[in-house]
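Reader: Please show me the sequence and the structure. Then let us talk about charges and surface.

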Amino acid sequence: MARSDTLRSEIAQLEKKNAGLHNDLAKAQKTANDAGAVARRKQEQATRSRSDSSRRMVLSGSEREAKKAADAQKKIATVQNKIANNTKAIASKQASLRAALSTEQRAQDRQNDSRRRKEKNHAREVARLSQPAARIRYVAVQSPKPEPLRVLYLTANPEAVETTIEHPDGSIETNGVWLRVDYEVRQVKDMLRKSIYRDLVAVEHLPAATTMDLLEGLNNHRPHVVHFSGHASSWGLLMENDAGTQTGAEIDFSLLARMLGATDEPPVS
């Protein structure tokens, strides 16, 4: 894996962490605001109370809420510090990515220059060999073969459930909530084998795909097309869980778009 690909993966993970920290910060700020407001109301209530016992009870409640607000403020400071450090790490990784891309581009330029020099030398040699015959000689050069269309095919079917009911008459009924993703993949591959263009399409199938499978598939296979077969909604996709449990892992469309757009040649779909 190229250095730039590794850096893109690390940046994506840091950005995901940043989103979680901002969520924690919002919760802590809400707790501090709510607890502070309750503490102030109880203070005002204590000043209006004529009973010493009632006043002490209300003041005790005010102190508890004030402590809750103070604890929330401490958490806010801690989370803000983590966000600052995480943001610095992202900036550092992005600078490293730019440097890695520049280095890789220079290496690619050197390879291109070397290839062009070899092609020129070959052309000169062909011209030299054709001179003694005092006539034009044509060298047959095969046309470059078209590049296969690379398809990254991901399937995920978490949270599948199947139940069996035995009726009084002895008949058995099976009900399930699952997707026939394996059957779909087989149908696609069968149709490709029957197609005259089968040699122009390369399908890389990743079953029970996790979010990390998607990221590694983009880096390793550099697909032109990414196809996902599984559950989804208006917020995003439901991938398999890295822990291997039945519960699916959510990946929202905004993160998916950033992952796809971070590649050198983003897929067309």
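**Salt bridges and patches**

Author: The side chains of R193 and D190 meet in a salt bridge, 2.0 Å from N to O. A salt bridge here is a side-chain nitrogen of Lys or Arg within 4 Å of a carboxyl oxygen of Asp or Glu. This is a predicted model: local features need pLDDT of at least 70, side-chain atom pairs count only at pLDDT 80 or more, and totals for chains, interfaces and linings use all residues. Residues are numbered from 1 along each chain as its sequence is written, and side-chain values use heavy atoms, leaving out hydrogens and water.

Reader: In which helix do R193 and D190 both lie?

Author: The two are 3 residues apart. That is about one turn of the helix. Helices are DSSP runs (H or I, at least four residues), numbered from the N terminus. Both residues lie in α3.

Reader: Is R193 buried or exposed?

Author: Buried means under 20% relative accessible area, exposed over 50%, partly exposed in between (1.4 Å probe, protein chains only). R193 has a relative accessible area of 51%, so R193 is exposed.

Reader: How many salt bridges does the structure hold?

Author: One of them joins D113 and R116, with the closest N and O atoms 2.4 Å apart. D5, R8 and R222 are linked in a network of salt bridges. The structure holds 12.
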